[in-house]
Amino acid sequence: MSTTLPLPETTERPNYLNVDYSWKSWLFTTDHKRIALLYLFSITAFFLVGAVFAGLMRLNLLFPDGLFEHDTYNKFFTMHGVIMVFFFLVPSIPATLGNFLLPIMIGARDLAFPRINLLSWYIYIAGGVFAVLAIVKGGVDTGWTFYAPFSTTYSNTHVILAAIGVFISGFSSILTGLNFIVTVHKMRAPGMTWSRLPLFVWAHYATSLIQVLGTPVVAITIVLLMLERILHAGIFDPNLGGDPVLFQHLFWFYSHPAVYIMILPGMGVVSEIIACYSRKGIFGYGFVAFSSVAIAVLGFMVWGHHLFVAGQSMYASMVFSFISFLVAVPSAIKVFNWTATMYKGSITFDTPMLYALGFIGLFTIGGLTGLFLATMAIDVHLTDTYFVIAHFHYVMVGGMVLAFLGGIHFWFPKMTGRLYPEMWARLAAAIIFVGFNLTFFPQFILGYLGMPRRYATYAQEFQVLHVLSTAGASILGVGYLLPLIYLTWAWRKGERSPQNPWQAKGLEWEQSPTPPPTFNFDVPPVVTERPYNYSEEVEVGGY
Amino acid sequence: MADTDLSVAAHAAPTTLKHHFDDREQQLESSTLGMWVFLLTEIMFFGGMFGAYTVYRNLYPAAFASTSHYMNVTLGATNTAVLIFSSLTMALAVRSAQLGQKRALISFLTFTLILGLVFLSIKYVEYHEKWVDHHIPGPGFHYAEPQYFHQAQILFFLYFAMTGLHALHMIVGAGLIITLIAMAARNRFSSGWYTPVEMIGLYWHFVDIVWIFLFPLLYLIGRTMR
Amino acid sequence: MFPAAASTAAPQVDALYVYLVLLSVVMTTLIFIAIGFFAYKYRRRSPDDPMPRAIHGSIPIELTWSVIPFLFMLVMFAWGTKLYFENYTPPRNTLDIYVVGKQWMWKVQYPDGQREINELHVPTGRPVKLTLASEDVIHSFYIPAFRLKHDVVPGSYQTYWFQATEPGRYHLFCAEYCGTNHSRMIGWVDVMDPVSYQNWLAGGATGATMSQLGEKLFEKYGCVTCHVTNHNGPPLNNVFGHPVQLADGRTVLADEPFLRESILNPNAKVVKGYKPNVMPVYQGQIDEEGLLQLIVYIKSLSQTNPQAIP
């Protein structure tokens with residue numbers, strides 16, 4: 001059912017934002033939408049910290065002999081990785097857009113466990129405090145992967161502080177995932193069957209499965225790491241009878257599925273945006289939904305592709321390689337389905353759509369280069385080089401961050417009741433796209449040429465490519481700053497948004513006011529149609 | 001008796017249906033599913049260490065057999081019996097809550113708590129024994145058979161990590177039971193609503209099951225070797 | 001775009017890489033063209049454009065575009081796996097060179113006694129096997145021109161082999177982060193034609209061969225006493241390269257890792273007919289270079305092994 005509310009009156013109707021302005025009402029809120037905003041501000045802050053480290057790294061890499069002390073550079077890339085992975089990317093879309101939208105999209109008044117939702121934010125902040133403490137006390141230099149025995153026995157930096165920060169933040173992730181799973185199972189409105197769930201919800205459900213099953217393993221790995229660092233009992237130390245490769249297996253058992261935590265929500269956002277700006281349901285809905293779950297499941301079976309040169313058995317490596325190819329198939333299916341959605345659509349190119357299209361292009365490149373790394377003989381040459389760095393930045397930044405920005409813009413009116421300035425937004429999207437590619441494409445070439453990663457200084461012949469990359473990073477930095485400025489401005493001063501500025505389908509646009517009231521709906525929704533039901537008519541010759 | 005009949009109390013207590021749920025059934029199902037998902041995460045949490053244990057047991061079978069002889073099977077078996085019995089009393093507590101029997105509920109919760117504390121006391125005795133033997137990993141570690149020194153230290157490390165994590169969960173469980181007793185004493189539960197009792201009951205049974213895996217793997221298997 | 005190619009593996013890896021790049025370019029181009037074309041052709045020209053009709057999906061299409069890419073991937077998998085197995089399975093008649101990595105340098109030992117820091121000299125036309133050991137943390141021995149690397153893991157021996165093809169000087173990089181001077185743990189691989197290589201070997205080797213050094217250690221640490229004089233330990237002639245029966249019933253191959261373990265942790269695998277807790281535990285007493293010298297010496301006692309003559 002499609003209802004349009006009348007335009008807002010001059011006196012603003014009560015919504016989740018204006019119902020109470022006190023700081024207590026924010027810090028003790030159980031409203032999933034407010035918690036989403038709390039997360040949004042925190043993860044943006046961490047993103048900026050992580051980006052500063054990236055900027056310092058790229059500055060250093062302008063010069064073959066470097067700029068900073070080696071130890072300092074080593075701390076830069078470690079903190080960049082730790083912050084970006086654990087404090088930005090893993091929570092990003094789920095804790096902001098997921099928290100805000102998931103209940104509304106399924107017709108619920110809140111998540112299943114609102115207080116646990118708030119707790120998860122406080123836990124995240126507590127973890128963040130430890131991470132910041134580690135930085136302030138001088139940083140950590142183990143790499144975000146904390147490999148033993150360097151991290152357990154040789155590093156002289158604040159490994160335990162950083163490890164505690166990561167450990168604590170993991171529980172935030174687990175609780176978010178737990179909340180989403182129970183919500184999707186138990187809180188769907190009448191008529192909202194599993195096959196009518198928006199693909200955003202499917203994507204977050206699959207992500208939550210990974211968060212819930214994978215994160216505890218890295219948690220215990222970190223506990224073992226910390227205990228070993230203190231007691232030196234030998235569990236990862238070969239001089240004491242231990243096996244350093246065991247650490248890698250335990251670490252990657254989570255950290256590989258983690259990368260799917262860091263892309264699936266983005267894919268969910270892209271599905272919503274492509275459908276809206278093509279005014280057509282996603283082609284192959286069932287396949288896309290199933291692919292999300294398939295990626296989550298298969299993602300748990302490929303961790304050994306990080307150990308092809310680590311001393312792992314050749315036969316185990318073979319199995320991991322094969323399944324790594326298998327997990328690429330559902331991702332490819334999604335890309336094809338999004339493309340097919342545009343066929344015979346009615347397409348406009350507002351900023352969210354630009355980000356979604358950018359995602360498809362850059363994720364395709366990132367995903368394909370993942371196949372290079374899954375190919376064992378090629379991985380031998382490319383692992384631990386800049387090729388890997390380029391690969392994962394294409395999927396994590398070109399993919400996930402672009403989707404995050406696209407989603408923020410798409411749902412900005414819903415969250416704030418205002419419109420962002422379209423021209424500035426398109427400009428920023430273009431700058432980000434150009435800056436990103438200039439930063440990271442040269443790194444593929446650097447990698448095949450043999451430039452290893454985590455190098456503070458490098459052979460002279462690599463300099464030109466590094467200069468290009470740093471130039472790109474400066475442009476990218478400008479691109480990131482723009483939304484920070486105009487979105488903040490638009491929140492206060494932007495033109496007020498109508499109920500459904502994009503005329504999109506979906507409960508959040510059609511049945512929840514803009515911005516929503518605290519309990520999301522004035523009238524409890526009942527779902528009677530399939531998702532993305534822009535047209536009841538089916539294309540002749542289509543399927 | 002007024003304090004065994006909780007239906008009056010239920011009317012007096014504030015409504016326990018949270019605003020975001022449609023009905024009590026949805027609320028209870030959500031709580032239950034939530035607890036099961038949480039227990040799943042706990043399985044994965046312990047699982048990592050069971051994995052490490054499996055690796056080292058297979059890598060060092062002789063050292064494992066040697067260290068097994070220092071496991072106090074009597075105390076371990078006693079603890080196993082204590083925990084199994086405590087699961088029984090916990091189940092009876094849930095049953096009492098179901099039937100609205102406040103005094104029985106408090107009694108069974110208290111029994112469960114006492115049994116849990118007995119478990120922890122016995123654990124303390126065991127750990128103390130290990131401390132006296134210098135089997136605690138770290139600078140003070142010492143092992144009678146020097147050729148197994150390093151492997152034994154790793155194996156004892158895993159012993160302490162696994163049983164220690166388990167004991168931590170027991171302590172949390174004990175705290176939760178105390179909270180339940182306090183809530184029951186204040187008539188918070190009725191036959192219409194006793195969800196926390198049920199959920200913490202599930203948690204307690206899980207902690208029991210983890211021990212049922214730990215006991216044979218750490219105390220029993222190695223004794224058949226050599 | 002490509003580094004120098006100086007091993008037999010390099011052109012093979014490059015060929016597979018080109019296949020992957022071509023496929024990726026084709027796939028990316030197809031997607032970009034499709035999206036670009038649809039974006040143009042189906043752009044909304046006016047707000048009054050009719051609502052597009054729904055196209056729910058098509059199972060035949062889904063299967064097609066799942067199966068066909070997967071078939072291409074199977075080629076990648078099969079080709080890559082085969083090449084990997086070849087590149088990591090040394091042939092029989094290799095020239096063995098021993099490398100010890102430590103923070104932050106590479107120490108290279110040649111059987112004839114030559115030692116180098118951060119340099120590796122190899123001849124063309126002959127398979128070379130590197131045995132890699134670490135004194136401290138995990139490193140990785142990476143030669144981009146050969147397209148090969150392997151992690152160097154403390155507590156174990158890792159190996160890989162190559163056959164150099166083009167004389168020249170090529171980069172050697174540590175490729176597993178190992179601390180402060182990871183980016184300075186670099187060096188050169190000097191590939192020489194066989195004649196020049198012989199000259200280089202002859203010119204440099206002054207001291208004892210690895211085997212001779214190993215023999216000295218064999219005496220110094222008292223190995224002679226039990227393994228030769230009073231037979232408390234198994235004799236070591238013809239041990240390397242052959243299967244060994246253990247007291248617990250297993251049979252294992254006496255390769256380099258076995259020898260290393262037997263020195264550092266003798267009770268892990270006790271030979272049949274001998275008692276445990278007799279041989280001292282040498283963990284922490286002999287450094288990695290010394291262990292390699294001992295092993296080369298013990299290898300030399302195996303007459304049927306063509307590698308016996310250093």
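Modeller: Read along the sequence, chain B, with which I begin for context, follows the pattern α-α-α-α-α-α-α; it has seven helices and zero strands, where helices (H or I, at least four residues) and strands (E, at least two) are DSSP runs numbered from the N terminus. This is a predicted model, in which local features need pLDDT of at least 70 and side-chain atom pairs count only at pLDDT 80 or more, while totals for chains, interfaces and linings use all residues. Residues are numbered from 1 along each chain as its sequence is written, and chains are lettered from A and ligands numbered from 1 in the order in which they are written.

The C-alpha trace of chain B spans about 70 × 35 × 30 Å along its principal axes. Chain B meets chain A through 27 residues, against 31 from chain A, a contact being two residues whose C-beta atoms, placed from the backbone, lie within 7 Å. On the chain A side, helix H7 (159-186), helix H8 (199-231) and helix H9 (244-261) each give two or more residues, and H8(A) gives the most, with ten.

Chain C contacts chain A through 72 residues, with 75 residues from chain A. Helix H1 (9-41), H2, strand E6 (139-143), strand E7 (148-152) and strand E9 (168-174) of chain C each supply at least two residues of the chain C side. H2(C) provides the largest share of that side, 15 residues. By class the chain C side has 40 nonpolar, 21 polar and eleven charged residues; Ala, Val, Leu, Ile, Met, Phe, Trp, Tyr, Cys and Pro count as nonpolar, Asp, Glu, Lys and Arg as charged, and the others, Gly among them, as polar.

Helix H2 (residues 59-88) of chain C has 30 residues and should span 44 Å at 1.5 Å a residue; its end C-alpha atoms are 42 Å apart, which agrees. The expected span is 1.5 Å times one less than the number of residues. Buried residues in H2(C) include C:Glu62, C:Met73, C:Phe77, C:Gly80 and C:Tyr88.

The domain assignment of chain C gives domain 1 (1-25 + 58-206) and domain 2 (210-308); such bounds come from an automatic or database domain assignment. The C-alpha centres of these two domains lie 29 Å apart. Their contact takes 13 residues from domain 1 and twelve residues from domain 2. On the domain 1 side, strand E1 (95-102), strand E2 (105-109) and strand E5 (127-134) of chain C each give two or more residues, with the largest share, three residues, from E1(C). The residues of the domain 1 side divide into five nonpolar, five polar and three charged.

A nonpolar core is a set of buried Ala, Val, Leu, Ile, Met, Phe, Trp, Tyr and Cys residues joined through C-beta atoms within 7 Å. The largest nonpolar core has 329 residues, of which A:Ile106 and B:Leu158 touch the most other members. Helix H15 (residues 386-416) of chain A gives the most to this core, with 21 residues. Domain 1 and domain 2 of chain C both give residues to this core, so it lies between them.

Terms used:
A residue is buried if 20 or more other C-beta atoms lie within 10 Å of its own, exposed if 12 or fewer, and partly exposed in between; C-beta atoms are placed from the backbone.
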